[in-house]
Structure formats: structure tokens, C-alpha cells
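Please look over the sequence and the model below before reading on.

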Amino acid sequence: NGRYNISLHFLEIYYTTQSARVFDVVMEGSVIFPSLDVIKEVGVGGRLVVPVTVNITDGFLTIGLVKKTQNPFISGIEVDLVEALPPVSSPLCICS
């Protein structure tokens, strides 16, 4: 758990026209990039890096890609810890 800098990498290697592949990028339950069209953002063959800072409190980084046109993709993910949060103690359960 903690605050992390996340860099999402995208490189469209199949389509060559705008609007051929469009999708939402969701991180930790929030849309961070609605209607992402990599070719529209950086052109054919261009690399797009989307930097985001997130707070993780459940021990998991959750990333979702929501299809609008064709199947969504991601080319790479970088995760850098900015600040760790102290561990949260769980209640002890002694069950019989």
C-alpha cells in the first residue's frame, strides 16, 4: 500500500488510422483517459506514455481497459513507489 507513480505505455502496431481502436483507461476505479485513441494522440508508429499517480490502499494496483472500438491493449507498465503507507492491522479471528 502507498502512493505510486504509474506510467502506462502504448504503441499501436496494427492499425494505421484514427478511431480504428478506441478505449477507456481505468485505474483504481476512476477513468484516467476516456476514449483513448493512440494514433490520434501521437500518430502512426508513435509511442504514448501516460503518467499517473495513484494511492493504493487494498494491496493491489487495478487497471482496466474498456473497449469502445476494437480490443484495447497496453504495451507496458512501469510502477514506482513514491511513499509507502504503514501496514493496516487486521482484526484477529480465532474461530472454532
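Val26 has Val31 as its bridge partner in strand 3, where strands, like helices, are DSSP runs numbered from the N terminus (E, at least two residues, for strands; H or I, at least four residues, for helices). This is a predicted model, in which local features need pLDDT of at least 70 and side-chain atom pairs count only at pLDDT 80 or more, whereas totals for chains, interfaces and linings use all residues. Residues are numbered from 1 along each chain as its sequence is written, and side-chain values use heavy atoms, with hydrogens and water left out.

**Strand pairing**

- Strand 2 and strand 3 (residues 30-36) run antiparallel and are joined by four bridges; two strands count as paired if DSSP finds at least two bridges between them.
- Strand 2 is also joined to strand 5 by six bridges, and these two strands run antiparallel; the bridge partner of Met27 in strand 5 is Ile63.
- The open sheet of three strands has the order 3-2-5, with antiparallel pairing. Strand 3 and strand 5 stand at its edges and have a single partner strand each, so one side of each is left without a neighbour in the sheet.
- On average, and with direction ignored, neighbouring strands of this sheet are turned by 15° against each other; the axes behind this angle are lines fitted to C-alpha atoms, for helices over the stretch in contact, and angles run from 0 to 180 degrees between N-to-C directions.

**Burial of strand 2**

- Six of the six residues of strand 2 are buried, so this strand is largely enclosed by the rest of the structure; buried means under 20% relative accessible area, exposed over 50%, and partly exposed in between, with a 1.4 Å probe and protein chains only.
- Both faces of strand 2 are covered, with Val22, Asp24 and Val26 buried on one side and Phe23, Val25 and Met27 buried on the other.

**Aromatic rings**

- Four aromatic pairs are found in a search of the whole structure. The rings of Tyr14 and Tyr15 form an edge-to-face pair, because their centres are 4.8 Å apart and their planes stand at 85°; rings of Phe, Tyr and Trp (its six-membered ring) pair if their centres lie within 6.5 Å, and planes under 30 degrees apart count as stacked, over 60 as edge-to-face and the rest as tilted.
- Tyr14 is exposed, with a relative accessible area of 62%, whereas Tyr15 is partly exposed at 22%.
- The rings of Phe23 and Phe73, with centres 5.8 Å apart and planes at 70°, are likewise edge-to-face. This pair links distant parts of the chain, since Phe23 lies in strand 2 (residues 22-27) and Phe73 in the loop between strand 5 (63-69) and strand 6 (76-84), 50 residues apart.
- Phe23 counts as buried at 0% relative accessibility, and Phe73 is buried with a relative accessible area of 16%.
- Phe10, Phe23 and Phe73 are linked by ring pairs into a cluster.

**Positive phi angles**

- Most residues other than glycine have a negative phi.
- Glu28 takes a positive phi near 50° in the hairpin of strand 2 and strand 3, which has two residues between the strands; Glu28 counts as partly exposed at 26% relative accessibility.
- Gln70 has a positive phi near 60° and is placed in the loop between strand 5 and strand 6; at 38% relative accessibility, Gln70 counts as partly exposed.

**The protein as a whole**

- The secondary structure comes to one helix and six strands, and from the N terminus on the elements run β-β-β-α-β-β-β.
- Of the 96 residues of the protein, 29% count as buried.
- Among contacts between residues at least 6 apart in sequence, 73% join residues at least 24 apart, where contact means heavy atoms within 4.5 Å.
- The accessible surface comes to about 6,300 Å², of which 53% belongs to carbon and sulfur atoms; accessible areas come from the Shrake-Rupley method with a 1.4 Å probe, and for residues only the protein chains shown count as cover.
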